[in-house]
Number of protein chains: 2
Amino acid sequence: MKISHKGLYALQAMMMLARRHDQGAIRIRDIAYEEVLPEKFLELILLELKNARLVESVRGAKGGYQLRRPPSEIHLSEIIRLIDGPLAPFGDAEQLRHLIDRDAEHRALYRVFLQVRDAAAKILEHTTLADIAGPDSAKSGRGQRRKKLESRVLPMVVHRSVRKGTRE
Amino acid sequence: MKISHKGLYALQAMMMLARRHDQGAIRIRDIAYEEVLPEKFLELILLELKNARLVESVRGAKGGYQLRRPPSEIHLSEIIRLIDGPLAPFGDAEQLRHLIDRDAEHRALYRVFLQVRDAAAKILEHTTLADIAGPDSAKSGRGQRRKKLESRVLPMVVHRSVRKGTRE
DNA sequence: TAAAACCCTAGTAATCAGATAGGCTTTTAT
DNA sequence: ATAAAAGCCTATCTGATTACTAGGGTTTTA
């Protein structure tokens with residue numbers, strides 16, 4: 001499985017929506033600005049996420065996007081599969097299982113591919129947006145049950161230049 | 001990491017050379033015929049494998065290709081990295097570590113990417129051609145030391161699985 | 001010295017990645 | 001009622017990558 005820039009953008013947008021989960025709909029423009037993503041491209045991505053029912057939209061003035069489920073119930077695998085396809089390094093799990101049954105000559109190779117897929121699935125199907133999104137930007141209040149994410153909260157400052165520079 | 005057809009062809013060719021490791025140089029044509037691969041494309045692939053010193057060639061009539069090391073000393077990760085690049089699902093390990101250090105906002109996401117990479121690396125850096133190539137076709141053709149493979153290749157059990165069983 | 005075989009550089013068609021453009025529809029505020 | 005704001009949706013574009021194919025050059029063997 002390869003994660004494309006599009007897939008990364010989707011994950012970043014979803015993380016941002018997770019952080020603001022209690023704030024109602026967020027405009028595309030605001031997501032694009034804060035995450036430093038190309039606005040029109042992001043629009044397409046959000047459309048796909050909406051069609052896959054991972055987010056929902058509010059139309060018209062004061063509209064925007066929000067998660068359809070709490071961050072703790074959205075797995076990274078859902079987003080990655082939607083945008084970048086199967087987690088397997090070659091084909092998909094079903095195809096690999098078929099090849100393992102049918103292609104005696106290369107069976108052991110496909111078995112390794114499937115192992116790699118299973119290892120990725122194990123991680124990505126158990127990690128949720130709540131695990132990685134960062135602090136809910138709403139006030140501290142109560143009942144925030146974020147998991148690990150290593151205690152300390154990040155010093156802010158988002159700078160475009162750094163992000164842009166990481167485009168390979 | 002995504003394995004392309006080219007990468008698959010390389011792995012198949014290497015498996016075939018591993019099976020015939022004791023038989024001296026094998027012609028491109030024979031590899032292509034037996035593995036059913038496009039001959040001229042395979043030629044390019046073998047050239048790359050040669051430049052990476054995974055195989056060596058014998059030129060002229062009676063020439064061909066053979067492994068430079070015994071199958072048990074050639075890891076799948078070497079072949080895959082050569083043909084299809086880094087094992088990480090995004091960028092490479094070094095880049096991910098850099099992002100984890102620098103990009104506080106997305107640190108947790110990149111950490112997950114790195115976990116996925118490490119899981120793939122663990123498998124592919126420990127599996128060799130000897131583990132998957134099948135019986136050495138030298139001598140009396142059939143099944144010699146095949147069982148060690150079975151025990152090595154699948155001991156990982158996924159708990160709380162979301163998918164349907166991986167058979168076995 | 002001719003045939004066999006690898007060496008190496010090019011080229012190419014099709015697809016994909018990463019966007020951009022712009023008109024259409026829905027909702028809100030005045 | 002109407003203009004502005006915002007998402008909806010389809011089309012198009014450019015460059016890179018993938019999966020090959022072509023063909024002449026060089027080395028070795030019989």
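Guide: A residue is called buried if 20 or more other C-beta atoms lie within 10 Å of its own, exposed if 12 or fewer do, and partly exposed in between, where the C-beta atoms are placed from the backbone. What stands above is a predicted model, in which local features need a pLDDT of at least 70 and side-chain atom pairs count only at pLDDT 80 or more, while totals for chains, interfaces and linings use all residues. Residues are numbered from 1 along each chain as its sequence is written, and chains are lettered from A and ligands numbered from 1 in the order in which they are written.

Visitor: Why does Arg53(A) count as exposed?

Guide: Arg53(A) has 10 C-beta neighbours inside 10 Å, a count that meets the rule for exposed residues, and therefore Arg53(A) is placed in that class. Arg53(B) also has 10 C-beta neighbours inside 10 Å, so Arg53(B) counts as exposed too.

Visitor: Where are Arg53(A) and Arg53(B) found, and what is the phi of Arg53(A)?

Guide: Arg53(A) is found in the loop between α3 and β1 of chain A, and Arg53(B) lies in the loop between α3 and β1 (55-58) of chain B; these labels refer to DSSP runs numbered from the N terminus, with helices being H or I runs of at least four residues and strands being E runs of at least two. Most residues other than glycine have a negative phi. Arg53(A), however, has a positive phi near 60°, and Arg53(B), which is not a glycine either, has a positive phi of about 60°.

Visitor: What makes a set of residues a nonpolar core, and which residues have the most contacts inside the largest one?

Guide: A nonpolar core is a set of buried Ala, Val, Leu, Ile, Met, Phe, Trp, Tyr and Cys residues joined through C-beta atoms within 7 Å. The largest core has 95 residues, and those with the most contacts inside it are Ala13(A), Met14(A), Ala13(B) and Met14(B). Helix α6 (residues 107-124) of chain A supplies the largest share of this core, with 11 residues. Leaving aside its neighbours within four places in sequence, Ala13(A) is in contact with Ile31(A), Glu35(A), Leu37(A), Leu42(A), Ile45(A) and Leu46(A), and contact here means that the C-beta atoms, placed from the backbone, lie within 7 Å.

Visitor: How do you know that strands β1 and β2 of chain A pair?

Guide: Strands pair if DSSP finds at least two bridges between them; β1 (residues 55-58) and β2 (residues 64-67) of chain A have 4 bridges, in the antiparallel sense, and therefore they pair. Val58(A) stands opposite Gly64(A) in β2(A). The hairpin has 5 residues between its strands, and in this hairpin Gly60(A) takes a positive phi near 80°.

Visitor: Which residues are the closest to DNA strand C, and what makes a residue near a strand?

Guide: A residue is near a molecule or strand if its C-beta atom, placed from the backbone, lies within 6 Å of it. By that rule 26 residues surround DNA strand C, the closest being Ser4(A), His5(A), Pro38(A), Gly60(A) and Ser57(B). Helix α3(B) gives the most to this surface, with 4 residues. DNA strand D is likewise surrounded by 26 residues, with Arg27(A), Ser57(A), Ser4(B), Pro38(B) and Gly60(B) the closest, and α3(A) gives the most there, with 4 residues.

Visitor: How much confidence does the predictor have in chain A?

Guide: The pLDDT is the predictor's confidence in each residue, from 0 to 100. Chain A has a mean pLDDT of 85, and 81% of its residues reach 70 or more. Over residues 139-168 of chain A, however, the pLDDT is below 50, and this stretch has 22 contacts in the model beyond near neighbours in sequence.

Technical notes: Contact = placed C-beta atoms within 7 Å.
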